[in-house]
Amino acid sequence: MGVTSRFRFIGKRVPRRDGVLKVTGAAKFAYDIEIPGMLYGRIFKSPYAHAIVDRIDKSEAERLGAVVITYEDVPKVLFNTRLVSVDEATYKDWEVLTKHPKYVGEPIAAVAARSEEVAQRALEALRVEFKEVFKPVLDPFEAMDPAAPKIHRKIVLANRWVDVVNNVGATLEYSEGDVDKAFRDADVVIERRFKTNRRYHLQLEPKVAVCKPEVGGSITVWTTTQSLHNTRILISQVFGIPMSKVNVVKTFLGGAFGSSIHTNLVTLIAVALCLKARRPVKIALTREDDILHDHVSYQMHFRIKAGARRDGRLVAGEFENVMDIGAHQIQAYPLLGTALGWFVSLYKWGSIRYVGKAVYTNKVPTCAFRGYGNPQVTWAVETVIDEVAEELNMDPLDFRLKNYRGLGDIFWGQGPTVKTVIKSDGVPELMRKGAELIGWYRRPKPWEQRGRFRRGIGLARGFHTSGAGGPISGEVIDYTGAILKVNEDGSIDYVTALQDHGGGTLDAHVKIIAEELGVPPEKINVVWSDTFTTVYDVCTHASRGVYVGGEGARRAAAKVKERILEYASRLLPKVVNPEALKMEYDEELDDVVIYVEGMPGEKVTLSEVARTAWQRNWGSISASVSYRATAAPPSFTVYFVEVEVDTETGIVRPVKVVAGADLGTVINPDLAAGQIHGGFAQGWSMAVLEDVVYDPESGEPLNKGLITDYKVPMAPDLPALDNFTVIFASTYEPTGPFGAKGIGEAAANPVAAAVANAIANALGIRFYELPITPEKVLEAIKERRG
Amino acid sequence: MASRVRPSPINTMNTHIIPVRFEYFAPKTLNEAVDLLSRFRGRAKVLAGGTDLVVQMKVGRVRPEYVVSIRWLRELDFIDTREDGLHIGALTKLRRIEKSDVIRRGFIALYEAAKAMGGVQVRCMGTVGGNLCNASPAADTAPPLMVYEARVKAVSTRGEREIPITKFFKGPGKSALEPDEILTEVMIPYQPANTGSAFLKVARTSMDLAKVNVAAAINVREGVVRWARIALGAVAPTPIRALKAEAYLAGKELGEDVIARAAEIAASETRPITDVRSTAWYRREVSKVLVKDALRIAYGRAVRG
């Protein structure tokens, strides 16, 4: 890592700041919030996938001492729980509580009582009568049939009603160039259909909300969210409370993976109960609640057609994307654009044509899941790319290098409205090193293998955007904010609304501030903040925490630095221009020294400056910054995965992984590598294991919400650490803080594709439906044997 | 388009608490325990490690009026080598079985089964008696005990009786125990010299209920199988012995073709279903593979001693 070695703090291995807190249980999560007199809430969920409620008798529940709310007690407004897109791109179709539930588990009523036991008894005492129960529509293609039951009739876009036709919630079409001609001129054309799985996020922490009424009509909210400020805005909009009376307080977050980019419904229900009860209310979902009815990934059905010339150049790409979004829109419409962005940005297709449809079904509403559609698109595209290369008789690695979008090309971070020119690109380096480490050129040929156990090596390449900023304002809201104060002793308070999901994002910010000022990380305090005391940050998502948030922090530090140097120059009268001053940490003094290069006498410490500014009434050294990134550069990842397939059981085992990541400057190598290990685990799980399968009659998940029947890999199911190599590209992103880009999602995006390509290399069989379970593998092997 | 779908029990499930009202007893002696069971005949559940019962109660699938915890009956927690065989108390934790040298040396299939169950935390709570009494078709300790021809002891106020493990399982969640009986111990006869055994399991992950599990035990003399025993789990309403395959193997030399034929026969004795964990077809196919592998390993252990 030659590039990072010139840094004092960045790139160094340091212990996690919150490590001890988490290991000892001292870290407070939303579930740990206890308030005297607090009530415990439970939600009455629809037992049917699609029904209309006739009436609710709540008298028995109220006799038990419970506060009860139904759809009659909540504001009659439709909303979208996610506020990351601008109003004109936000479809609203959801209510806090509904009379017309559209999936098993949709909230109809809620109770709050002095204990979880009483709340549960009150919940069971509610008498809810349904006047109609419809057969659920569970398949998006059946849902588009004009004869299918209508899930929504009218929804709101911005502030207009729009009709929903044939359960299609949103569409997007796009084309560039003469696609038909390009396909006619192509020497090789491959066309495939794909079906992805429906994955539950399985974040460690199930969703929780605590709402407390305050004197004067304010409320305080603690909840599992990726965005403090958007949670506040939504509560304000839905309940008509001014934002100055809604305070959302930061808590530790036990992971989210995209499941709390939107405000989870539990938050709004807790607010509604709190307003009715005039008492603090906590609602904590059980793991089963969380699995059964809270969130799940987008399930996508693709048709991809790719055309290439004999010389190995792609000339045409066609992409059809039918998304099974469940019963409500969270970010379905933006995903139609972003999925196209992922497709377009993977390769230089020449001409392209795209049709995307977001289709309602009577299932749990879908939301972003680490990669926001990118792992799905990359799996399908990287499968087709492998097949085109095989057809052309080209090495898949060379074919990728020839056609991928890299340095100097245009990159569509988050769809057609967020475009960036690529300024850093580690792909060639990662490809070369990875190929060497895995033994790419000695990989097996499927037709030469005999025996029960077959080996295969797969390659896939991908990327993710770093944030959703850009030179112009598109459909996505993306800016951050930071407040930095130099205290009167020279230590630092850093105030930010940006959430750290557990990945160590704020540790990175601290290092960035430390690097900018020379103040060691131990002297920088990350203030436990809330929406009252921070400036707006949109959300920790889109791998923007370090790239956007970190640059916001750096800019606040740079502003503060200007003031420090100005004050320092008052103490160093010979200095005429403060810009001549440098700041550097001096270990012996344990202080920052502000000095003139080459003039050892001309120096003052930061603590002296801070103290003097206080004592002589110069005023505080502080800065408040609101920052919008001018780009959303891609972080590239290249995965080489070796697998072993047991041809008698169909079981696929990971043997070896070489994961290459181009995240620009690596701020914290251990945490970055941790993201890559975690990304592999989730990608592997997507490839071979996970799916939420629904009962075709009832529309309820067959796992009944039980984790017993929603499996993810355990440590023994993953490669031993010795067989997992992480390599970082030596790149520098000129628009990022000290050259850094994102990593969270890029770490996961190409994994399923690499695994699928490895299985194909082992068996000579390709699979077009995820997950690639042992059942499917064995069936395919038997079928081929005939 | 009306539908006659049954409502989901979604609102009666709350795993933060046990959303079921029950009366709890913690007897100090076996006599007290069986007295209680006799008094509450059929309306009580016995609580041992709780890894099955508490989960079932939390999700509302089991709603006993009375819960009789036997966790204080320390006399049921033992691994004893006696003249007639190995005796394991019903309250013995799976983790203790996994860590027992006697079991690993003499009854390796049981060791392999215990090690394959849940995570360490679950094995530190779950008991062998509980695993059997839960009577899951996928119970991992069942196939090894079946190939070792173990017997279990059941005690009630009416006295005690022994039940061969092969007669213990009656259906999913149903055992041969009467409602007033407590399973107190498992007795495993010592295996004769030149016997080898093995347990294998296929599941979705390394911490999971079995899609299929198999145990095999073989006794070999001069290269010829004197007897073989094969048991399979999760492929029928109860764990089963593959008696036809066993009969086929007796007296044969164990070549690859014999192993393959035995596996085919064993698979034909299964009656698997399709559920959320796997398909009937896959379970039958993989039964063959596991039977073959288990026979090979057991044979190797028999001839190597």
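In this predicted model, the contact between the two chains draws 41 residues from chain A and 32 residues from chain B. On the side of chain A that touches chain B, at least two residues each come from β1 (39-45), α3 (116-125), β6 (127-133), α8 (287-293) and α18 (774-785) of chain A. Of these, α3(A) gives the most to that side, with 5 residues. Sorted by class, the residues on the side of chain A that touches chain B comprise 18 nonpolar, 7 polar and 16 charged.

Chain A also holds two helix pairs that can be followed in turn. Two packed helices are described by the angle between their axes and the distance between the axes. For helix α16 (residues 669-688) of chain A and helix α17 (residues 751-763) of chain A, the axes come within 7 Å and cross at roughly 55 degrees. Because angles from 65 to 115 degrees count as roughly perpendicular and those under 35 as roughly parallel, α16(A) is oblique to α17(A), and the crossing in which α16(A) passes α17(A) is right-handed. On the side of α16(A), the contact is made by A:Gly679, A:Phe680, A:Gly683, A:Trp684, A:Met686, A:Ala687 and A:Val688, while α17(A) contributes A:Val751, A:Ala752, A:Val755 and A:Ala756. By class, this contact of α16(A) with α17(A) has 9 nonpolar and 2 polar residues, and no charged ones.

In the second pair, helix α14 (residues 545-571) of chain A packs with helix α15 (residues 606-615) of chain A at an angle of about 85 degrees, their axes lying 10 Å apart, which makes α14(A) roughly perpendicular to α15(A). Here A:Ile564, A:Tyr567, A:Ala568 and A:Leu571 of α14(A) meet A:Leu606, A:Glu608, A:Val609, A:Thr612 and A:Ala613 of α15(A), and the contact of α14(A) with α15(A) has 7 nonpolar, 1 polar and 1 charged residues.

Turning to chain B, an open sheet of 5 strands is arranged in the order β4-β5-β10-β6-β7, with antiparallel pairing. At its edges stand β4 (79-82) and β7 (159-164) of chain B, each of which has a single partner strand, so one side of each is left without a neighbour in the sheet. On average, and with direction ignored, neighbouring strands of this sheet are turned by 25 degrees against each other. Elsewhere in chain B, helix α1 (residues 30-39) lies across β6 (151-156) and β10 (182-188), running at about 75 degrees to β6(B).

Notes
Residues numbered from 1 in each chain as written. Chains lettered and ligands numbered in written order. Predicted model: local features only at pLDDT ≥ 70, side-chain atom pairs only at ≥ 80, totals over all residues. Axes fitted to C-alpha atoms, helices over the stretch in contact; angles between N-to-C directions. Helix = DSSP H or I, 4+ residues; strand = E, 2+ residues; numbered from the N terminus. Parallel < 35°, antiparallel > 145°, perpendicular 65-115°, else oblique. Left-handed = near helix turned anticlockwise from the far one by under 90°. Contact = placed C-beta atoms within 7 Å. Nonpolar A, V, L, I, M, F, W, Y, C, P; charged D, E, K, R; others polar. Pairing = 2+ DSSP bridges.
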